[in-house]
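Hi,

Here is the structure I promised to pass on.

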Amino acid sequence: MTDLLSAREPSLSEPKVIFVVGMHRSGTSVLAHTINLMGAFLGDDQELVPPDPSINPAGFWERADIVAEHDRFLQSSGFAWATVANFAIEHIDEERRHALAAGLRGIVGRMAHAGSTLVIKDPRLCLVLPVWNEFVEAPAHVVVVRDPRKVAASLMAAFPNSFTTDFLLALWQKYMQSALFALAGKRVLFVSYARMLRDGESEYRRICSGLNELGVGGLSAFNADGLRGVLDCKLDRSKPSPHARLDEHQQRLFDWLRQRCESRGLVDVTDLPAMPSPDSILGELEKVRATCMRNGWNMATRRGAATVQPQMAQMA
């Protein structure tokens, strides 16, 4: 994305921005809420995506305007959050990337009036992080890691009869590979979702220390009562399907991520595991889903139900 450099505005020197990076259903909401408890500003209640009783009853802890900007960018380029086969941000035309950067810069400018440290969370950051990194100066990146088999199980529970396990594992791989490519060469804090729930106090202190090392100052001290209300082992209730199996590349990627979560502090993102893109797997199922939606729509219209909307179209 070097072409964006010549057209960008001066970098933001304030406020300090913390990016929470991770796949959908990986624990990004819990981590963003935790960092918010430390004193980082995320948004006023009316600015956040509202909780969903069946998916995230405690809230998503992400701004609706940022999610809308990300979705608008993906859709204008022919993609969506779960339709990302062959997505590569460097292949998206410059005009669309500039439009996204302008929209995001405006949101950050409005957020800056409310606090000196901001936390920004949306799983789509995995895909669009290079645009953010072009105009936010020295952000702090925190990557949350969860067993991809549990990620797949959680997504299948949230969107029943919409995906296959193999597709969701490939989608996890696509998101994490995209994020790591954008983070290559940077110092990053990796956080285990399972450890956050199992040993919250210890992981909280590790996060505080890592953020401080990344230049984030002024965060509050440990808040046992507040943390207890956020970190609950019952949140890790997703049970992988018996047939859920990582292929050799996904296992290598998960092992690499877990090892970084074991570090006492920050990690330089180097020596990324070499592996092919999962685009062919993603593309195959995307075509099947598109065909099923078309056929379902044709059957519905033939039966005179022209107002019926294919459910899966809303999910993608």
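I'll start with a pocket. Sorted by class, the residues lining the second largest pocket are eight nonpolar, four polar and three charged. Keep in mind that this is a predicted model. The pocket holds about 280 Å³ of space, and among its 15 lining residues, Phe87, Ala88, Glu90, Ser178 and Phe181 lie nearest the centre. Two elements give two or more residues to that lining, namely helix H5 (125–135) and H7. H7 gives the most, with four residues.

H7 turns up again in the core. The largest nonpolar core has 64 residues, and those touching the most other members are Phe19, Phe87, Ile120, Trp132, Leu171, Phe190 and Leu257. Helix H7 (residues 165–183) is the top contributor to this core, with 12 residues.

As for the whole protein, it has 13 helices and five strands, and 52% of its 316 residues count as buried. Of the contacts between residues at least 6 apart in sequence, 77% join residues at least 24 apart. The accessible surface comes to about 14700 Å², with 51% of that belonging to carbon and sulfur atoms.

Cheers

Key: Residues numbered from 1 in each chain as written. Predicted model: local features only at pLDDT ≥ 70, side-chain atom pairs only at ≥ 80, totals over all residues. Heavy atoms only, no water. Core = buried A, V, L, I, M, F, W, Y, C linked by side-chain atoms within 4.5 Å. Buried < 20%, exposed > 50% of the residue type's maximum accessible area, 1.4 Å probe, protein only. Contact = heavy atoms within 4.5 Å. Areas by Shrake-Rupley, 256 points an atom, 1.4 Å probe, with all protein chains shown as cover. 1 Å grid on protein atoms, 1.4 Å probe; cavity = no way out; pocket = protein on both sides within 12 Å on 5 of 7 lines; lining within 4 Å. Points joined across faces, edges and corners; volume = space filled by probe spheres on them. Nonpolar A, V, L, I, M, F, W, Y, C, P; charged D, E, K, R; others polar.
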